[in-house]
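Me: Got a structure here I'd like to go through piece by piece. Can you take questions as they come?

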Amino acid sequence: MTLRPSPPAHQEQRWAPGSVVAVCAHPDDESFGLGGILDAWARRGIPVALLSFTRGEASTLGAGEGALAAVRADELERAAAVLGVGRTTLMDYPDGQLSGQDLPALAAAVEALAVEVRADTLLAFDAGGITGHPDHQRATEAALLAGERLDLPVVAWCLPETVTTTLGAEFGVPFVGRPETEIDLRVAVDRARQRRAIDCHRSQATDNPVMERRLALQDGEEALRFLRR
C-alpha cells in the first residue's frame with residue numbers, strides 16, 4: 001500500500017489524498033457533515049469509499065415512513081451516488097449504542113475496507129464528534145485505531161470556532177470548534193451536490209435551521225485537521 005508523505009506545516013492547502021475511506025456513524029453523516037469535502041475530492045478524481053457503522057434506525061425523525069433502517073439504507077445509497085462515492089459499506093451496529101461496541105472490531109471493519117480499496121487516507125468527524133454525539137466519537141476512535149494499525153493518516157472534518165461560537169450564541173447548540181491554529185487544511189467546496197445529497201435523506205432532512213445557518217457561515221469552504229499524520 002502506498003502512503004504519501006505527510007504534508008509539511010503550512011503547506012496543507014496543497015495536500016490531497018490519493019484514495020480515501022470516510023468513516024461515519026450514521027446514514028446522513030456523509031451528507032450533512034462530510035458532503036462538501038467528499039464531493040470536492042470526488043470531482044478531482046480522488047476515489048472515495050464510505051463506511052457507515054449503523055443504519056440510523058433509532059432516529060426520532062421519519063419513524064412513520066416504514067422500516068426506518070431500510071428507508072435510511074436506500075437514502076444513503078442515493079446520497080452517496082450524488083456525492084461521487086464509489087463504494088459504500090453499511091453495517092448493522094445498533095444506532096445510539098456504538099460507544100459500547102468493541103473498538104478493535106470496529107477498527108477491523110475500517111481496515112478491511114481501506115485495504116480493499118487501497119486507501120491512503122481515512123476521513124472522520126473531529127474528535128468530540130462535532131456535536132458531542134457518542135456514536136460520532138466512537139466512529140472517529142475506530143478510524144484512529146485503524147489508522148494506527150495500517151499506518152495511515154487520519155484527517156478530520158472540523159468546524160472553526162468562529163462558526164461554532166455564532167451557532168452557540170444563536171441556537172444554544174454545543175458544537176465543538178477549533179481555533180485557527182488547529183486547522184491544517186481548507187477545502188474549497190461547491191454546495192450544490194451536497195445539498196442534493198442532503199435532500200436524498202428525506203426522512204431526516206426536515207426543517208433544520210441550525211444546519212442551514214452552519215452551511216451559510218461556512219460558505220464555500222470546509223476545514224480539516226490531522227488527527228494522525
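Reply: Fine. Keep in mind that this is a predicted model. A place to begin is helix α2 (residues 35-43): 8 of its 9 residues are buried, so the helix is largely enclosed by the rest of the structure.

Me: Which are the buried residues of α2?

Reply: They are Gly35, Gly36, Ile37, Leu38, Asp39, Ala40, Trp41 and Ala42. Just after α2 comes Gly45, with a positive phi of about 85 degrees.

Me: What does Leu38 touch, not counting residues up to four places away in sequence?

Reply: Leu38 touches Ala22, Glu30, Val48, Leu83, Val85 and Leu123.

Me: And which residues touch the most other members in the largest nonpolar core?

Reply: That core has 36 residues, and the ones touching the most other members are Leu34, Leu38, Trp41, Val85, Leu123, Trp157 and Leu224. Helix α3 (residues 68-83) gives the most to this core, with 5 residues. There is also a second, separate core of 24 residues, with Ala25, Ala119, Ala142 and Leu145 among them.

Me: Switching to backbone angles. What is the phi of Asp28?

Reply: Near 100 degrees, which is a positive value in a residue other than glycine. Asp28 lies in the loop between β1 (20-24) and α1 (29-33).

Me: Is Asp28 buried or exposed?

Reply: Asp28 has a relative accessible area of 9%, so it counts as buried.

Me: What about Arg118, where is that one and what is its phi?

Reply: Arg118 is in the loop between α4 and β4 (121-125). Its phi is near 60 degrees, again a positive value in a residue other than glycine.

Me: Arg118, buried or exposed?

Reply: Exposed, because its relative accessible area is 69% and the cut-off for exposed is over 50%.

Me: Since α4 came up, where does Ala109 sit?

Reply: Ala109 is in helix α4 (residues 103-117). Its relative accessibility is 14%, so Ala109 counts as buried.

Me: What is Ala109 in contact with, leaving aside its neighbours within four places in sequence?

Reply: Leu51, Phe53 and Met91.

Me: And how are Ala109 and Ala25 placed?

Reply: They are 84 residues apart along the chain, and their C-alpha atoms are separated by 13 Å.

Me: Now helix packing. At what angle do α6 and α8 pack?

Reply: Helix α6 (residues 161-171) and helix α8 (residues 209-218) pack at about 145 degrees, and their axes are 10 Å apart. The crossing of α6 past α8 is right-handed.

Me: Which residues make the contact?

Reply: From α6, the contact uses Val163, Thr166, Leu167, Glu170 and Phe171. From α8, the residues are Pro209, Val210, Arg213, Arg214, Leu217 and Gln218. By class, the contact has 6 nonpolar, 2 polar and 3 charged residues.

Me: Why would residues three or four places apart point the same way?

Reply: Because an α-helix has 3.6 residues a turn.

Me: Last topic, strands. Which residues of β7 are on its covered face, and which on the uncovered one?

Reply: In strand β7 (residues 185-188), Leu185 and Val187 make up the covered face. Arg186 and Ala188 are on the uncovered face.

Me: How many bridges join β7 to β8?

Reply: 4 bridges join β7 to strand β8 (residues 221-228), and the two run antiparallel.

Me: Which residue in β8 does Arg186 stand opposite?

Reply: Arg186 stands opposite Ala223.

Definitions and conventions:
Residues numbered from 1 in each chain as written. Predicted model: local features only at pLDDT ≥ 70, side-chain atom pairs only at ≥ 80, totals over all residues. Heavy atoms only, no water. Axes fitted to C-alpha atoms, helices over the stretch in contact; angles between N-to-C directions. Left-handed = near helix turned anticlockwise from the far one by under 90°. Contact = heavy atoms within 4.5 Å. Nonpolar A, V, L, I, M, F, W, Y, C, P; charged D, E, K, R; others polar. Buried < 20%, exposed > 50% of the residue type's maximum accessible area, 1.4 Å probe, protein only. Core = buried A, V, L, I, M, F, W, Y, C linked by side-chain atoms within 4.5 Å. Pairing = 2+ DSSP bridges.
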